[in-house]
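Trainee: Please walk me through this one, starting with whatever I need to know to read helix packing.

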Amino acid sequence: MKDFLAIIFSCLLGTCPPSADADGVSASKSLSHIQTQAGLSDAEFFQRYSTTSLSGNYLSSQFAQRHHDWQRAVVFTKPLLESSPDNNQLINKTMVLAMGSGQSKAAIELAHKLLDGNDQNSALALLFVALDHFSKKEFKEAAEYIEKMPEGSLSEFILPLLESWSQAAVGVHDTKNLDKNTIHIHHAILIADLLGETTHIETLLQKSLNASGLALQDLERIADVYAYIGKREIALELYQKLFTEWPDNRPLGQKLESFKQGSTTKYLKTMSSPQEGMAEALYDMARLLFQEYSDDSARVFAHMALFLNPNLTDANLLLGYITARNDQYDEAIAYYQTVQPDNVKYPEARRMAADLLESTGRIDEALNELEALYKNRDDLEALIQMGDIYRRSEGFKKAISKYNQAAKSFDGKITQEYWQLYYVRGMSYERLGQWKKAEADLSAALEYQPENPLILNYLGYAWADQGVKLQESLELIRKAAALRPTDGYIIDSLGWVLYRMGKYEEAVPHLEKAVELLPYDPIINDHLGDVYWKVGRNLEARFQWTRAQNHSEDDELITTIADKLENGLDADERVKEAKSQNSDDKI
C-alpha cells in the first residue's frame with residue numbers, strides 16, 4: 001500500500017518520478033548536471049537561473065520545488081503561465097504548487113480554469129472546487145463535484161472519505177464504504193456522532209480493534225472513543241497497554257494518570273461541522289502520506305485541510321514536520337509559531353520550534369524560547385528540554401540544575417510518566433563523575449522501565465567500565481542485547497563486560513559483531529583491539545587500535561592508543577586486572 005499510495009498521489013500532484021527525456025536524461029538529473037558542471041552552490045544556482053528568461057524561470061521553479069521551497073517555486077511559474085496561459089500541464093503544476101504553499105484561493109481559481117477549459121476530468125481540480133463549495137456550505141454542489149471524479153482517479157483510500165463526509169454534509173448517513181481500515185472506521189464513528197446515529201459505535205470499535213495494521217496512534221484513538229462513550233474500564237485497559245508499548249510518550253502517560261484519577265476530560269476529538277470532518281479526513285490523508293515519506297503530496301493535503309479548517313492545529317504541526325524533514329527550518333519554525341497562546345498545543349509547538357532552533361545552532365534562541373515558556377506557563381517539559389540542550393552541549397552542571405528544578409515539581413518521588421528525568425539526570429551525573437548519584441537515578445529509571453534496552457545498557461556498561469558488579473552488569477546487558485540484537489553499542493557493551501570479567505575468548509565474537517555494525521566507532525574498535533591482544537592476536541589488535549586512532553577526535557583516547565601501539569597491554573597489569581575481577585565476582 002505504501003508504494004502504491006506514494007506513486008498515485010505523486011503523479012496526481014504532478015510530482016511523478018521523472019521519466020527520461022529524448023536523450024535518456026531525466027529532468028532532475030539535468031538540473032543536477034547543470035549545477036555540478038557550473039560548480040555552483042544551491043544559492044548561486046538559484047540566483048543565476050532566477051528570472052533572466054522563461055527557461056531560467058522553468059529551471060528555477062523545478063530547482064525550488066526539488067529543494068522543497070514551494071513559495072519560490074510558485075513565483076517562478078507565474079511568468080511561464082503568463083506566457084502560455086492555456087497550457088493545462090503548466091496550469092496543473094501551478095495549481096498544485098499554490099495549494100501546497102498555502103495559496104488556496106489562487107489554486108482554486110486555477111482549478112476552475114482547468115475545468116472550464118479542456119481538462120474537465122482533472123480529479124485534483126474537481127477536488128479543489130468541491131472543497132471551495134464545502135467551505136461556503138454549498139454542500140450539494142460539493143457532493144456533485146466529488147461524484148464527477150473519474151473512477152480510479154483517486155486512491156480507494158481517500159475517495160470513500162470524501163464521499164461519506166459530503167453525504168453527511170447534506171444529512172445522509174452513508175458510511176458503508178468506510179470499513180477497509182482503522183482510519184476509515186474512525187471517520188465512520190465521527191460521522192455517526194455528528195449525525196446522532198450512535199447505536200453502532202461499539203460495533204465499529206470492535207471492528208477497528210480487529211483490523212490489520214493497527215498502529216499505536218490508532219489504538220489511542222480507539223481508547224479515546226471508549227472513554228467518550230463511557231466505557232471507562234475498556235479505555236483504561238487500552239491506555240495501560242499503550243503506555244507499556246509507548247513509554248516515551250509523556251503526554252500519553254499524563255493522560256493515563258489523569259484518567260486513573262477519575263478525569264472526565266473528553267479526549268475524543270469530535271466534529272462540530274461537516275467542514276471540520278472533511279478537514280480531518282484530509283489531514284489524516286496528509287499524515288499517512290507523511291508517514292510514507294510522500295512529503296510533496298502530504299503538504300498539499302495538509303493545506304487542503306487548513307483551507308477548510310484554519311484552526312486545525314495538527315495540520316500546521318504536520319507541515320512543520322514536513323518542512324523540517326526537508327531542511328526548510330525557518331519555514332518549519334514559522335508553522336510552529338502560528339499556533340496561538342490560547343491553543344492547548346501552544347506549549348508543544350513552542351518546544352518544537354526550540355528544538356529546531358537548537359538543531360540549527362541557535363542555542364541561545366532555543367533556550368530563550370523555553371525560558372519564556374516555563375516562566376509564562378510553568379511548563380515542566382520546557383524546563384526538562386532546557387536541561388537536555390545543556391546536556392547535549394556537554395554543559396552537565398547546568399543540565400543537572402534544570403533537571404533538579406524540574407524534579408522539585410513533584411511531591412517526593414518523580415512519577416512514572418516522567419521516568420526519563422531520572423535517566424537523563426543519571427547520565428549527566430555519570431559524565432561529571434558523580435557515580436553514586438548517577439547510579440541511584442539510573443536504577444530508579446530502571447524500576448519504572450525494566451525492559452528499556454537503553455537504560456539496561458547504560459547502567460550495565462557503566463558498571464563494567466568501572467570493573468564493579470560485573471555479574472549484574474552482564475545480566476542487564478544480555479537482556480538489552482536480546483531486546484536489540486542489532487544495536488552495535490549494546491553488542492559492544494556485551495563484549496566489553498565479558499572482557500572485564502576476563503572471559504576474553506567469549507568476548508571476541510561480540511566485539512567483532514559490534515565493529516561490523518558500527519565500523520567507524522573509535523571506542524568499539526579500541527575495545528576489539530584490546531580483546532585481540534588478550535587472546536594473542538597482536539597484529540590484529542594493532543590494526544584495530546590504528547583504526548580507532550584514525551577515527552577518533554578525542555585527544556585522551558588518541559594518546560592512550562598511541563601507548564598501546566608502542567607497548568601493547570602490560571602483562572603485569574593483566575594479572576592485577578584478573579585478580580581484581582575474580583575478587584569482585586565473589587562479592
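Mentor: Axes are lines fitted to C-alpha atoms, for helices over the stretch in contact, and angles run from 0 to 180 degrees between N-to-C directions. Helices are DSSP runs (H or I, at least four residues), numbered from the N terminus. This is a predicted model, so local features need pLDDT of at least 70 and side-chain atom pairs 80 or more, while totals for chains, interfaces and linings use all residues. Residues are numbered from 1 along each chain as its sequence is written, and side-chain values use heavy atoms, without hydrogens and water.

Trainee: At what angle do H30 and H32 cross?

Mentor: Take H30 as residues 522-534 and H32 as residues 555-567. Pro522, Ile523, Asp526 and Asp530 of H30 meet Leu557, Ile561 and Lys564 of H32; contact means heavy atoms within 4.5 Å. The two axes come within 12 Å and cross at roughly 20°.

Trainee: Are H26 and H27 roughly parallel or roughly antiparallel?

Mentor: The axes of H26 (residues 453-466) and H27 (residues 470-483) come within 8 Å, crossing at roughly 150°. Residues making the contact include Leu456, Tyr461 and Trp463 of H26, and Leu476, Ile477 and Leu483 of H27. Angles over 145 degrees count as roughly antiparallel, and those under 35 as roughly parallel. So H26 and H27 are roughly antiparallel.

Trainee: Which residues does Leu282 contact beyond four places in sequence?

Mentor: Leu282 belongs to the core members that touch the most others, as do Leu162 and Met304. Both of those turn up again in its own contact list. Leaving aside neighbours within four places, Leu282 meets Leu131, Leu162, Phe301, Met304, Ala305 and Leu308.

Trainee: Is Asn309 buried or exposed?

Mentor: Asn309 sits in the loop between helix H17 (295-308) and helix H18 (313-325), and touches Glu276 and Ala279. Buried means under 20% relative accessible area, and exposed over 50% (1.4 Å probe, protein chains only). At 13%, Asn309 is therefore buried.

Trainee: What is the mean pLDDT of the protein chain?

Mentor: pLDDT is the predictor's confidence in each residue, from 0 to 100. Residues 1-9 fall below 50, and residues 15-32 stay under 50. Still, 88% of the chain's residues reach 70 or more, and the mean is 87.

Terms used. A nonpolar core is a set of buried Ala, Val, Leu, Ile, Met, Phe, Trp, Tyr and Cys residues joined through side-chain atoms within 4.5 Å. Helices (H or I, at least four residues) and strands (E, at least two) are DSSP runs, numbered from the N terminus. Angles under 35 degrees count as roughly parallel, over 145 as roughly antiparallel, 65 to 115 as roughly perpendicular and the rest as oblique.
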